[in-house]
Amino acid sequence: MKKLFIIANWKSNKTILEAGEWLQTLNDLQLTINKEEKRVIVCPPFTLLPFVKQSIVKGQLLIAVGAQNISPFDEGAYTGEISGKQVKEFADYVIIGHSERRKYFGENDQIINQKIEMATKYNLIPIICISDPAQINNLKIEKGAIIAYEPLFAIGSGNADTPENASLVGEKIKKISGGIDVLYGGSVTSQNVNSFTSEANINGVLVGGASLDAQEFSSIIKNA
Ligand code: PGA
């Protein structure tokens with residue numbers, strides 16, 4: 001059985017109070033997660049990383065922590081940036097190159113490659129987002145990285161790609177990248193998650209909007 005990644009991307013959402021309620025709900029649901037079968041990762045904004053990490057350790061939840069971004073530079077005089085060294089104190093994964101970063105913050109392949117290098121330097125597993133398989137030809141994808149295929153039309157639209165197409169894209173990406181794990185992202189819900197995770201070339205899902213609600217996210221974990 002293949003191992004699945006179920007990743008929550010909270011984007012710019014949640015206060016400490018709201019994050020606490022989310023974790024509490026997940027805890028109360030007493031979800032049994034088999035770590036060998038499903039790797040659940042929550043990616044909160046930077047402000048919540050310490051709180052979420054500490055709460056997970058305290059509650060002994062089987063959830064890993066990821067950041068949503070990382071500085072393209074190492075530690076130093078880069079006002080407003082969070083370096084890989086700082087991220088690593090709380091997280092084991094980092095989302096890199098999300099299409100919203102390309103669209104709103106001018107990130108290009110060069111910046112994304114610098115970020116991948118920083119993730120590698122600090123032993124963070126990069127979850128590299130692409131909207132088209134051709135993009136990976138310009139990116140430094142190394143073994144151990146995770147690629148999330150997220151077509152632009154599907155993000156936040158309620159209009160997911162078809163599982164068949166996502167799987168074809170997954171197959172293509174695996175061929176180019178040498179068999180790296182490929183996730184699907186874009187309007188994943190508890191209703192459609194299994195149609196994606198049951199595809200041979202899809203190793204999990206990256207969930208935005210539907211991950212904000214703890215009940216819905218736990219159903220996604222269950223149904224995956
Ligand atoms: P969505 O976002 O699930 O809200 O479509 C996915 C993402 O942007 O990672």
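This is a predicted model: local features need pLDDT of at least 70, side-chain atom pairs count only at pLDDT 80 or more; totals for chains, interfaces and linings use all residues.
Colleague: How many helices and strands does the chain have?

Modeller: Happy to start there. Helices (H or I, at least four residues) and strands (E, at least two) are DSSP runs, numbered from the N terminus. On that basis the secondary structure of the chain comes to 8 helices and 8 strands.

Colleague: What radius of gyration does the chain have, and what would a compact globule have?

Modeller: The C-alpha trace spans about 45 × 45 × 30 Å along its principal axes. The radius of gyration is taken over C-alpha atoms, and the globule rule is 2.2 Å times the number of residues to the power 0.38. For 224 residues that rule gives a value near 17 Å, and the chain agrees with it at 16 Å.

Colleague: Which share of the residues counts as buried?

Modeller: Buried means under 20% relative accessible area, exposed over 50%, and partly exposed in between (1.4 Å probe, protein chains only). Of the 224 residues of the chain, the buried share is 51%.

Colleague: How many disulfides are there, and why?

Modeller: A disulfide is a pair of cysteine sulfur atoms within 2.5 Å. The sulfur of Cys-43 has its closest cysteine sulfur in Cys-129, and because 9.2 Å separates them, they are too far for a bond. Seen from Cys-129, the closest cysteine sulfur is that of Cys-43, again at 9.2 Å. The count therefore comes to 0 disulfides by the rule.

Colleague: Are Cys-43 and Cys-129 buried or exposed?

Modeller: Cys-43 has a relative accessibility of 0%. Cys-129 has a relative accessible area of 3%. By the cut-offs, Cys-43 is buried, and Cys-129 is also buried.

Colleague: Turning to the ligand, how many residues surround it, and how do they split by class?

Modeller: A residue is near a molecule if one of its heavy atoms lies within 4 Å of it. That gives 13 residues around the ligand, with Lys-11, His-98, Glu-150, Gly-156 and Ser-187 the closest. Ala, Val, Leu, Ile, Met, Phe, Trp, Tyr, Cys and Pro count as nonpolar, Asp, Glu, Lys and Arg as charged, and the others, Gly among them, as polar. The shell has 4 nonpolar, 7 polar and 2 charged residues.

Colleague: Which residues have a backbone N or O atom 2.8 Å from an oxygen atom of the ligand, and what percentage of the ligand is buried?

Modeller: A backbone N or O atom of Ser-187 lies 2.8 Å from an oxygen atom of the ligand, and such an atom of Gly-208 also lies 2.8 Å from a ligand oxygen. A polar backbone atom of Gly-209 is 2.8 Å from an oxygen atom of the ligand. Taken alone the ligand exposes 280 Å², of which the protein buries 95%.

Colleague: Where is Lys-14 found, and what is its phi?

Modeller: Lys-14 is in the loop between β1 (4–9) and α1 (16–28). Although Lys-14 is not a glycine, its phi is positive, at about 90 degrees.

Colleague: Is Gln-60 buried or exposed, and what is its phi?

Modeller: Gln-60 is found in the loop between α2 (49–59) and β3 (63–67). With a relative accessibility of 71%, Gln-60 counts as exposed. Gln-60 is not a glycine, yet it has a positive phi of about 50 degrees.

Colleague: How far apart are the C-alpha atoms of Val-42 and Ala-64?

Modeller: Val-42 lies in strand β2 (residues 38–43), and Val-42 is buried with a relative accessible area of 1%. Val-42 and Ala-64 are 22 residues apart along the chain, and their C-alpha atoms are separated by 6.4 Å.

Colleague: Where does Leu-152 lie, and is it buried or exposed?

Modeller: Leu-152 lies in the loop between β6 (146–149) and α6. Its relative accessible area is 56%, so Leu-152 is exposed.

Notes
Residues are numbered from 1 along each chain as its sequence is written. Side-chain values use heavy atoms; hydrogens and water are left out. A polar contact is a pair of N or O atoms within 3.5 Å; within protein, one must be able to donate a hydrogen and the other to accept it, and residues adjacent in sequence count only if both atoms are side-chain atoms. Accessible areas come from the Shrake-Rupley method with a 1.4 Å probe; for residues, only the protein chains shown count as cover.
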